Amino acid sequence: MTRLVFAVLAAGLLAAPAVAQESRERLDNGFTVLVRENPVAPVVAVSLLVKMGTRWEEPANAGISNFVHAVMVRGTAKRTGAELAESIAALGGKLNAKGEVDYSEISATALSRFWREVLGFTAELALEPKLAAGEVDGERDWLLGRIQKRRDNAPARAFDEFFAALYGPHPYAIPALGTPASLARIDHPALVAWYRRFYQPERMTLAVSGQISPGEVLAEARRLFGGLPRGAVVGEPSRPAPANRGERRTFEQPAQQAQILAGGLAPSLDHPDHAAVKVLSTVLGGGMAGRLFVELRDKRGLAYTAAAYYDPVVDPGALVLYLGTAPENATKAEEALLREVERVRRDPVGVDELNRAKGYLLGRYAMDRRTNERQAWYLAFYELEGVGPDYPERYRRAVEAVTPSDVLRVARQYLATLTTVVLRPR
Amino acid sequence: MARARLGLGVVLLLAGCATAGAMAPSPAATPTREVLPNGVVLIVQEQRASEVVALQLWMRMGGRDEATDELGLAHYIEHMLFKGTPTRPPGSIDTLIEGFGGTSNAFTSYDTTHYDFVVPTAHLRAGVELLADLAVNASFPPEEIESEKKVVFEEMNLIEDDPEKFLLRRLYEVAYSPHPYGRPLLGRREFIEKLDRDQLRRFYRKHFVPKSMVLVVVGAAEPTLVRRLVEATFGRVEPAAPSRGATPPVPTFGPSRRVDVRRAEKQAYLGLAWQTAPLANEDVYAVDLLTSILGDSPSSRLNQTVRERLRLVATIEAGYGAFEKAGVVTVTARLEPADLDRAEAAILDVIRKVRAEGVTEAERQRALITAESSYAFDIETAEGLAKTYGQAETTWTLDNELAYLSRLRGITAAQIQAVARKYFGDDNYARVRFVPGTSSR
């Protein structure tokens, strides 16, 4: 779920449209609004991020942030869930709400001529959710179904087991969906209390991108969110440090493919090593010219999927090397993967290969930032992570400055201890 | 992962198939289409959304063009094209594209295969030259053919492990077999294992001819420059007779086309399929709107009735696979095994009600807005717009694509009810159910 999606985010700047204009405003109550005008297509995308997610959860209430959002979309003070769905569909729109690792998100899209309406529904959902007691059991059942689906899916299960092993006592060890045991314990009062604790103006960032007028959108955002009183301050959670003990765990489950994951803890988004680890990740498993793809798939046919993931998060991230392969190839594939780790920790990467990796990294990032949905998310995300609006440009420069010795250094540092998970078909 | 994807994405084809019409971002935003002397069709549109260009080669050739002893070749060739040409050794193609910050991808479907690049404008020339090189000079290195077999087997495994993808694939097989639309696009293991270089080269030479090629270029590039580059590359390919043969008529769906599959998952999956209008048929517009009203969003009838009110499924959706020679509407759901029969009965009830009472004006309006919106989001990127053009040119016509939304607007609620009565009976559907149990795969 969250982590796999995150994996495609690098950072950089290459093809961002020159026509885009961005405005930012912090309202008196601490609520932040970011608006980006983009004339390309007659659409609008809204992303409302709230500092609320796995990072504040504990094993006993794991999944509560996401659970709250599942109940939220069931209706507001003004309309039922069905009426809300109908109203959104009439705008040519979509509305989603979910809990993630470092944040929760209400996201919406629509035809841009309905920007005022879609902003209104976003505010209504965020500020006046009904959170009806009668919806809790049904949504719990639905979430349990999704957890079961994740357990039945070999790659998803393997990633969950990997994060559990890598992070140990840290909250990132538990999936954003929670566990059957934690969901069973979370009741209606707990959900309402969790919502009230986190949905405070100073914890919220709204970003809007599309064929809209920034002045009008800012004024409407002020009207919708400006009246919200400041809330009690929620402190940063005290989180146990993650503990990568270099474990190797194996599992069996019915599947056609074997899953192999190996990796270590990696720097957070604002860490000075972030760009170098991003390049390292790309050298190993970025695209079809990445080493894992070339060596394991192209040259030896030892894996079908061969990639590296490294997600930007607030606490330590994870650099994950991932293979999906036929069961009879699993042992050889794992050996070959480890040899690639040894090689990147021993020999400096060549200049051509480094340039390919940088080109790929920055190119992918530029491609990823072209749609309004992604733009709205990026704007809100960088604000929420506190890295500032110039982050993409700083990041691009940081990536371009990475040298072969930087890659060697971070490979030695961050791939020194490997946690490994192998899931074999039963 | 690139090149891992099956052509089954085409099932939602019409969701994004609409026209610029009244809401085009600028009046100049229409494509030009021309046919080069050797038969290559070139479709060009300048779009300055960002400094990239989408280059897509669409072939009028897909899984349906394979002979019964060639199943899987179209897809295998899709993999092999990136393995090299006489001037480009294995591996160099991906390195080239990725090094300049571009992406490459390829897809095989029943009617078409397409090869997609997105490159920064500065690399337009290199991109066009590369695409043309792959289209006529692929060298099929023998050792690459062998090692790619394992990759294709893995791709088969990967699809089987994904219940939603596999359900759709099985549903198409059960509904259409032995018609070409019921074939596994990846082929069968026994055949792929024995596949040799001559077979591949024969198939490639037969089908990769100028008259089967459609090149779509959308993005931040001068159309005159694009035309010059294409004339100097694709324009110089030797003409040859097009290769496409006749496609047999599609079968009738019904109770004999129903299969239960035991799977390891704890949850069940249900897929139903009705034979409806192929692309060239005038009913395509009404069927598209009907599919949207039935199951395109949380407010759709199937969602509101079967999921929300009756709580019989965890997810449910309807999709319209509009192909050149057939159209199929599928309804797929994830649910508890105990609810399988009741959910199926409830789905049939929802459809029966549309047949008897029709749809409301508000539903028709929502479906129209959904189509308009889906198109507007497609054209946010150069490759999204290029895809709608390439798909239309190879399986329909570009003009039909450009007029799509205005045609959709002319469809009445009565016409939607009429197609529901024409195509959706109580018994004329194919069905696949995945039920928990020891795998019988």
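**Close-up views of a two-chain predicted model**

Over all chains of this predicted model, the count comes to 68 salt bridges. The legends below describe selected regions in turn.

**Figure 1. A salt bridge between A:E383 and A:R26.** The side chains of A:E383 and A:R26 meet in a salt bridge, with a distance of 3.2 Å from N to O. A:E383 belongs to helix α14 (residues 372-384) of chain A and A:R26 to strand β1 (residues 21-26) of chain A, so the pair ties together parts that are 357 residues apart in sequence. A:E383 has 15% relative accessibility and therefore counts as buried, the cut-off being under 20%.

Figure 2. Chain A is divided into domain 1, covering 19-225, and domain 2, covering 248-425. The C-alpha centres of domain 1 of chain A and domain 2 of chain A lie 28 Å apart. In contact across this boundary are 42 residues of domain 1 of chain A and 35 residues of domain 2 of chain A. About 3200 Å² is buried between domain 1 of chain A and domain 2 of chain A, and carbon and sulfur atoms give 67% of this area. On the side of domain 1 of chain A, the residues that lose the most area to domain 2 of chain A are A:F159, A:F162 and A:L166, which together account for 18% of what that side buries. Two salt bridges are counted between domain 1 of chain A and domain 2 of chain A.

**Figure 3. The largest nonpolar core and the surroundings of A:Y199.** The largest nonpolar core has 77 residues, of which A:V68, A:I106, A:Y199 and A:L206 touch the most other members. Helix α4 (residues 115-127) of chain A gives the most to this core, contributing seven residues. When residues up to four places away in sequence are not counted, A:Y199 touches A:V50, A:M52, A:H69, A:M72, A:I106, A:A126 and A:M204. A second, separate core of 74 residues includes B:A74, B:V152, B:V261 and B:A326. In soluble globular proteins, nonpolar side chains tend to be buried together.

**Figure 4. A hairpin in chain B.** Strand β4 (residues 103-108) of chain B and strand β5 (residues 113-120) of chain B pair in the antiparallel sense, over six bridges. Between β4(B) and β5(B) are four residues, and the two strands form a hairpin. B:F107 has B:H114, in β5(B), as its bridge partner.

**Figure 5. A salt bridge between A:R249 and A:E247.** A:R249 forms a salt bridge with A:E247, and the closest N and O atoms are 2.9 Å apart. With 24% relative accessibility, A:R249 counts as partly exposed. A:E247 likewise counts as partly exposed, at 24% relative accessibility.

Figure 6. The side chains of B:E282 and B:R407 meet in a salt bridge, at 2.4 Å from N to O. This pair links distant parts of the chain, 125 residues apart: B:E282 is in the loop between β8 (268-276) and α9 (284-295) of chain B, and B:R407 is in helix α15 (residues 404-409) of chain B. B:R407 counts as partly exposed, at 35% relative accessibility. Elsewhere, salt bridges that share partners join A:R74, A:E135, A:E139, B:R307, B:E308 and B:R311 into one network. Side chains of opposite charge can pair when their charged atoms come close.

Key
Residues are numbered from 1 along each chain as its sequence is written. Chains are lettered from A and ligands numbered from 1 in the order in which they are written. This is a predicted model: local features need pLDDT of at least 70, side-chain atom pairs count only at pLDDT 80 or more; totals for chains, interfaces and linings use all residues. Side-chain values use heavy atoms; hydrogens and water are left out. A nonpolar core is a set of buried Ala, Val, Leu, Ile, Met, Phe, Trp, Tyr and Cys residues joined through side-chain atoms within 4.5 Å. Buried means under 20% relative accessible area, exposed over 50%, partly exposed in between (1.4 Å probe, protein chains only). Contact means heavy atoms within 4.5 Å. Two strands pair if DSSP finds at least two bridges between them. Domain bounds come from an automatic or database domain assignment. Buried area is the accessible area (1.4 Å probe) that two parts lose on being put together, summed over both. A salt bridge is a side-chain nitrogen of Lys or Arg within 4 Å of a carboxyl oxygen of Asp or Glu.
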